[in-house]
Amino acid sequence: MIVYYTDGSCEPNPGTGGFAVIKDMKPHILGGENDTTNIRMEGKAIIAALKDAGEEHAEIYSDSEF
């Protein structure tokens, strides 16, 4: 099983945002956008982890309330 940790943020909100996906306790996927919100960035991090896992079982830890 793959274990991911995800987070997203935006400053100001809305504004410039970014997200990170941690895998094997190392940054694995990083991304960002202009004109976005913190909720979108949280969601993009989770989606990126799900895509990365493919068909493998995964646990995703996030501070998001999704």
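Which residues does Thr36 touch, not counting residues up to four places away in sequence? Contact here means heavy atoms within 4.5 Å. By that criterion, Thr36 touches Cys10, Asn13, Pro14, Gly15, Thr16, Gly17 and Met41. The model is predicted, so local features need pLDDT of at least 70 and side-chain atom pairs count only at pLDDT 80 or more, while totals for chains, interfaces and linings use all residues. Residues are numbered from 1 along each chain as its sequence is written, and side-chain values use heavy atoms, with hydrogens and water left out.

Thr36 lies in strand E3, which covers residues 26-36. Strands (E, at least two residues) and helices (H or I, at least four) are DSSP runs, numbered from the N terminus. Thr36 counts as buried because its relative accessibility is 0%. Buried means under 20% relative accessible area, exposed means over 50%, and partly exposed lies in between (1.4 Å probe, protein chains only).

Four strands form an open sheet with mixed pairing, in the order E3-E2-E1-E4. E3 and strand E4 (58-62) stand at the edges with a single partner strand each, so one side of each has no neighbour in the sheet. From one strand to the next, the twist averages 20°. Two strands pair if DSSP finds at least two bridges between them. Strand E1 (residues 2-11) and strand E2 (residues 15-23) pair in the antiparallel sense over eight bridges. Glu11 stands opposite Thr16 in E2.

Helix H1 (residues 38-53) lies across E1, E2, E3 and E4. H1 runs at about 155° to E1. Axes are lines fitted to C-alpha atoms, for helices over the stretch in contact, and angles run from 0 to 180 degrees between N-to-C directions.

The buried residues of H1 are Met41, Glu42, Gly43, Ala45, Ile46, Ala48, Ala49 and Ala53. They pack against E1, E2, E3 and E4. A nonpolar core is a set of buried Ala, Val, Leu, Ile, Met, Phe, Trp, Tyr and Cys residues joined through side-chain atoms within 4.5 Å. The largest has nine residues: Ile2, Tyr4, Phe19, Val21, Met41, Ala45, Ala48, Ala49 and Ala53. E1, E2 and H1 each supply at least two residues of this core. H1 gives the most, with five.

Met41 has its place in helix H1. Met41 counts as buried because its relative accessibility is 0%. Beyond four places in sequence, Met41 touches residues including Gly8, Phe19 and Thr36. Phe19 has contacts with Met41, Ala45 and Ala48, among them.

The whole structure holds one aromatic pair. The rings of Tyr5 and Tyr61 have centres 5.2 Å apart and planes at 20°, so the pair is stacked. Rings of Phe, Tyr and Trp (its six-membered ring) pair if their centres lie within 6.5 Å; planes under 30 degrees apart count as stacked, over 60 as edge-to-face and the rest as tilted. Tyr5 is in strand E1 and Tyr61 in strand E4, 56 residues apart. Tyr5 counts as partly exposed at 36% relative accessibility. Tyr61 is also partly exposed, at 40%.
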